[in-house]
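This report describes how the parts of a model meet one another. Please keep the sequence and the structure in view while reading.

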Protein chains: 2
Amino acid sequence: MPVATAPAIELIPLRDLAACCAPLTRAAISTPNAESLSRSLKALADPTRLRILSMVAAHDDAEACVCDLTDPLDIAQPTVSHHLKVLVDAGFLTRSKRGTWAYYRLIPGSLDTVSGLLASV
Amino acid sequence: MPVATAPAIELIPLRDLAACCAPLTRAAISTPNAESLSRSLKALADPTRLRILSMVAAHDDAEACVCDLTDPLDIAQPTVSHHLKVLVDAGFLTRSKRGTWAYYRLIPGSLDTVSGLLASV
DNA sequence: CTTAAACATCGATAGTTGTCAATATATGAG
DNA sequence: CTCATATATTGACAACTATCGATGTTTAAG
């Protein structure tokens with residue numbers, strides 16, 4: 001297409017300022033931060049995992065073993081182990097083995113960090 | 001099964017206090033509450049939806065129309081509409097149509113409510 | 001050594017979900 | 001009415017996930 005000569009009237013503006021778009025008052029969350037926060041929230045967005053976290057937190061010293069959880073949760077033991085692994089990988093629990101038992105402990109502040117990030121979205 | 005006569009030694013205790021199980025210090029979250037909270041978290045646990053919420057909140061009066069979102073998100077328009085519907089159904093946004101445009105507004109306090117519930121798990 | 005208990009891992013399956021192209025609906029302009 | 005624009009809905013598909021049974025691994029007891 002050949003280049004046109006200079007028109008007699010104004011060029012079409014790049015943005016129509018009278019359109020629907022309202023101005024921004026602050027910056028939105030960045031894409032990497034949104035992906036990071038969504039990964040944490042995905043780990044929490046399951047009723048069984050919320051119950052596991054709550055049951056661990058409700059124990060003395062915020063620590064419980066798998067045998068504390070399987071019976072009240074009423075799901076199969078491999079499923080409990082699966083959910084525990086998700087919560088460890090997401091940084092909400094630590095695992096320590098003593099004898100034949102595996103003890104899971106809530107990482108202090110981990111839930112509050114996500115809670116704070118969520119409130120600031 | 002017939003009732004046994006009184007044994008000479010103690011019965012097997014219902015719970016072995018020397019086992020792995022630590023005592024509870026408080027009540028854990030109820031199953032219905034866990035399901036309810038997880039539904040809210042599922043709606044938030046997606047990077048695109050977090051960006052949408054943040055972009056809406058970043059606009060004047062916490063309100064934006066679909067045309068404000070489609071271009072910066074760089075995803076197809078039906079996908080944006082889908083995510084907006086999820087956020088409306090979950091109680092984080094309201095929708096109001098003015099002319100051909102649909103305006104979405106953040107429901108004040110909705111994020112803080114989930115944030116507070118999460119911190120108290 | 002053998003056995004049992006506690007827990008993790010594997011493999012399969014059914015259900016859910018994020019995405020898009022195509023299409024429908026609604027609103028305003030002319 | 002016709003046309004264009006903004007948005008919603010539908011249908012399809014690929015990717016992910018919660019669950020379980022079967023099996024592997026580790027530890028302690030005998």
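Ala, Val, Leu, Ile, Met, Phe, Trp, Tyr, Cys and Pro are counted as nonpolar, Asp, Glu, Lys and Arg as charged, and the others, Gly among them, as polar. The model is predicted, so local features need pLDDT of at least 70 and side-chain atom pairs count only at pLDDT 80 or more, whereas totals for chains, interfaces and linings use all residues. Residues are numbered from 1 along each chain as its sequence is written, and chains are lettered from A and ligands numbered from 1 in the order in which they are written.

The surface near DNA strand D (C-beta atom, placed from the backbone, within 6 Å of the strand) divides into 12 nonpolar, 10 polar and four charged residues. Of the 26 residues there, Ala76(A), Pro78(A), Cys67(B), Pro78(B) and Ser81(B) come nearest. The largest share, six residues, comes from α4(B), helices being DSSP runs of H or I with at least four residues and strands runs of E with at least two, numbered from the N terminus.

## Contact between chains A and B

Chain A and chain B each give 43 residues to their contact, where residues are in contact if their C-beta atoms, placed from the backbone, lie within 7 Å. The side of chain B that touches chain A has 28 nonpolar, six polar and nine charged residues.

Within α1(A) and α2(B), Thr31(A), Ala34(A), Glu35(A), Leu37(A) and Ser38(A) meet Pro47(B), Leu50(B) and Arg51(B). By class, the residues of this helix contact are four nonpolar, two polar and two charged.

Technical notes
Contact = placed C-beta atoms within 7 Å.
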